[in-house]
Amino acid sequence: MNSLVWMLAGLILMVVGGFASAFFGVRRSRYTRQIGAWSLAAGCAMAMIPSCQTLWSGVSVQLALPWPITLGTFHVGLDPLSAFFAIPICGLSFLGAFYGMEYLPSNSKATGFAWAGYNLLVASMLLVVLARQAILFLTAWEIMALASFFLVAFENERESVRRAAWLYLVAAHVSAAFVAALFFCLGHYTGSLDFDAWSGGSSLPSGIGTVIFFLALVGFGIKAGFWPFHIWLPEAHPAAPSHVSAVMSGVMIKTGIYGLVRVLTFFDTPPMSWGWTLVGIGITSGVLGVLYALAQSDLKRLLAYHSVENIGIIAIGLGLGCLGLSTGRSLLAFVGFAGGLLHVLNHAVFKGLLFLGAGSVLHATGIRNTNRLGGLLKAMPVTGRTFFIGSLAICGLPPLNGFVSEFLIYFGAYHGAVAFHSGLIVSCLAVVLGMALIGGLAAAAFTKAFGIVFLGEPRSREAAAAHEAGPAMRAAMTILAIFCPMIALLASSILQLMAPVLSTVLHVSAGVLTSQLEETVYFLNQIVMISLFFGMVAILLLLLRRSLPGAKNVESAVTWDCGYARPSARMQYTASSFAQPIKALFAFLLGSHSHLTPPRGILPQAIASFTSTAPDRVNERFYHPIFEAILKGLRRVRVLQHGEVQLYVLYVAMTLVALLIWCLR
Amino acid sequence: MKLLSLIHPFLALLLAPLLLGVINRVKAVFAGRRGQPLLQAYYDIWKLLGKGAVYSRTTTWVFRAGPVIGLTAVISALMVLPFAGQSGVISFSCDFVVMAYLLGLARFFTIAAALDTGSSFEGMGASREAQFSALAEPALLLGLAALAVQSSSLSLSDIFTQLNLQAWMKVGPAILLVAAAMAVVLLAENSRIPVDDPNTHLELTMIHEVMVLDHGGPDFAYILYGAALKLWLFAALLVNVLMPVQASNVPVNFAVALTGMFVAAIGVGVVESIMARLRLLKVPQLLVGAAVLSTLALVLLLR
């Protein structure tokens, strides 16, 4: 039987399970969660198996079913590229479901609907990567947007959540509009809405190619969270329940990357300008994303801005790959796309992990503001340890997975820089500069996130009363944490598994890639050697430390406090104070606002206060004026809408008459 | 050939604390003092290793992992470094990125261990370290990019083999600029004047020393040793850039390179003696300046 039938059956199973859960949820049955989670798990497993098969064997399968919709055919396909994106979707959603079983409040009426939304979201994401026809793709894209909108609006009793959901809905639809325009543009010039008919995109007139790339960049870029289209991420991610944030940030925004890569596969050799654009957007997203992340004190907002940063790194990889294609440098093209795509997988693992960790903190304390947390590592050892591993991985530090993909991109950049090609060298050096800056700032942001939240003394009563997460939540985080070093150690095997994906993207048969693969695998193996050496030395030093004569002679005391008699937890450095020097240094980019009310007089009566925020500049300077102007323009049209039905009938009649005259003219 | 490349790690492990002694002796001479013994760092490490430890009740395993991982990362980073014309123990394309990121790992753990104490002094040091190192990273990686472009090769060992007298004749100014950038990075990464003062006794103004304030006994021995090795690592980079050894005689090469190392240490000592430390707000300018020097070197090379 066609393996796609299995996959579609899996999708149907999860959707049906989700709606069944919603039905039981209304009746407040205790099976609500079980039905929702287990149907999703079964569906994910059913979708995972054919995806792994396809990636392993490199053989694509297609399936076309009749679909009674104008211009639409139900044409789905599973090639290595789809499979590569489907695997993290299945894996992370699977773990997220078990996490959600404990995380979602069980006594709420909406729990069932949350499961329906979650399962629908997962199914639609999978359908997006499977769809091979424009109308089907757009349908799946829209279901994905709506399902995630309902999930973002889960806690809709809070005003900020409603605002975030609204912003997200607008962003998702602007994205859908651009994607639709893209598809109709392609359809218009090729005469078909089927992806198979588009693969010869290079035969299009050159101007049209650029228009298509631009439409894809905006349409998919909004979903992916490229700067300056990222503004919905820092609003929507904190608002959604944490396992949903994990799925949205870990894999949903990657469907944007998938769309972009899919469009790139329609063209054999992209022009240089596309590569430059992607690299430019990547560096901008990366640097600004990490700077804004540093300026946040809300833990989930910080993570959301880090998604912008990581999407930037992915874009840098794709951009280098495009530049490699345009200049005919196959090794650059190979490592660029390999680094970018591997980072897609890596980011799904560690960002999923970090959002789940943030969710556990929120679940245990009810606080998202890092300035009020602290010392959680003692109360939440598993969450703390896994969050620590995730933090190391997201900073791209060896010997974890983030380093491998960033290393591939570094290699691509240095390789391009020494190639003495005028079109490459400046962009490659910009990548080196950008990646170095991103790396350093990410380390600052995550020493802050981990250090302030989990280390030191609790800064509030809630943080002091924190408790460890439940077994399912702990298991989900632990599994993801294990993947971080695993992917790094198995990097060369994973790269070999990715060969069919890369041959799809690079338009060459897998055999041609052997030499590039060999070279890359060689240095990945060297990195593994260093990692093993690192582990050995660490163990030796630890054993030495244990065997020293004074090892038994350990005392406990207080932290050195300069002789101050009554230190309190509030005297610790906070997240804001930790980030202040960097915020001040980059104030010209961040434009953070601070407001100081100093104490006045010898015996101050009024309470002194200091607040500092870093509102998104793009939002303030760009989107806000635009939407204000649109609103102002539309206000004039509002006179037409007044609720008097007889006048509405008149409008209809007038329209008909006008049309009649126009026809008879 | 490969066996000879093993010599450098052993030399580094053996001689690194001596660099600290040389720096201190130079500073003492400048100040008109006799100064501590040249081997003082060895005595300190030995004494600390024999002691017990006192841990704050606030701290967790992160605090104890910091020194171990910090030292491990620096030792691992040494493995890719070529020395005296011998290639690194491990050498592959972009191995310097691994080196830079291993040092980043060490820093992450040091900062986390500092925050683990819950002390605002240590938080202050951690915050400064995070800021300055984020700015030093581009200077280092761009400088290495310049060297890579100069030699059209991607591994540290190849880069420094290609960097010979002919290269100096051809693009000397560019290499000099890179060396200047690396020297600034050396001073910043090893918490030396004008960025940080290893001798200060005021917690408020320290960076690295304040971060390790609560470490004692064997933990502090590890930190001290790790700091010495890190100094060795950056000094060796600088020596590789400034003193390309090409003699066919291996012992001569080693002698020249080792002399270079101690000259570098004397240089650091001289800088520490004749300069005051910069205001903390000025340090970013220095580091961005170093990145600009690296960029300038690249421009000269691409001309």
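**View 1. The loop of chain B that holds B:Pro194.** B:Pro194 lies in the loop that runs between helix H8 (165–189) and helix H9 (208–211) of chain B. Look here for a cis peptide bond, which links B:Ile193 to B:Pro194 with omega at about 10 degrees. Please keep in mind that this is a predicted model.

**View 2. A cis peptide bond in chain A.** Here A:Trp227 and A:Pro228 are joined in the cis form, with omega of about 5 degrees. A:Pro228 sits in the loop between helix H7 (206–224) and helix H8 (233–239) of chain A.

**View 3. A:Leu71 and its positive phi.** Although A:Leu71 is not a glycine, its phi is positive, about 65 degrees. A:Leu71 counts as exposed because its relative accessibility is 58%, and the cut-off for exposed is over 50%.

**View 4. A:His507, between two helices.** This residue other than glycine also has a positive phi, near 60 degrees. A:His507 belongs to the loop between helix H20 (491–506) and helix H21 (514–547) of chain A. With a relative accessible area of 33%, A:His507 is partly exposed.

**View 5. A positive surface patch on chain A.** Four residues make up the patch: A:Lys632, A:Arg635, A:Arg636 and A:Arg638. One of them, A:Arg635, is part of helix H24 (residues 617–637) of chain A. A:Arg635 counts as partly exposed, at 45% relative accessibility.

Notes: Residues numbered from 1 in each chain as written. Chains lettered and ligands numbered in written order. Predicted model: local features only at pLDDT ≥ 70, side-chain atom pairs only at ≥ 80, totals over all residues. Heavy atoms only, no water. Patch = residues over 30% accessible without salt bridge, like charges linked within 9 Å, V, L, I, M, F, W, Y side chains within 5 Å. Areas by Shrake-Rupley, 256 points an atom, 1.4 Å probe, with all protein chains shown as cover. Salt bridge = Lys/Arg side-chain N within 4 Å of Asp/Glu carboxyl O. Lys, Arg positive; Asp, Glu negative; His and termini not counted. Charge placed at Lys NZ, Arg CZ, Asp CG, Glu CD. Helix = DSSP H or I, 4+ residues; strand = E, 2+ residues; numbered from the N terminus. Buried < 20%, exposed > 50% of the residue type's maximum accessible area, 1.4 Å probe, protein only.
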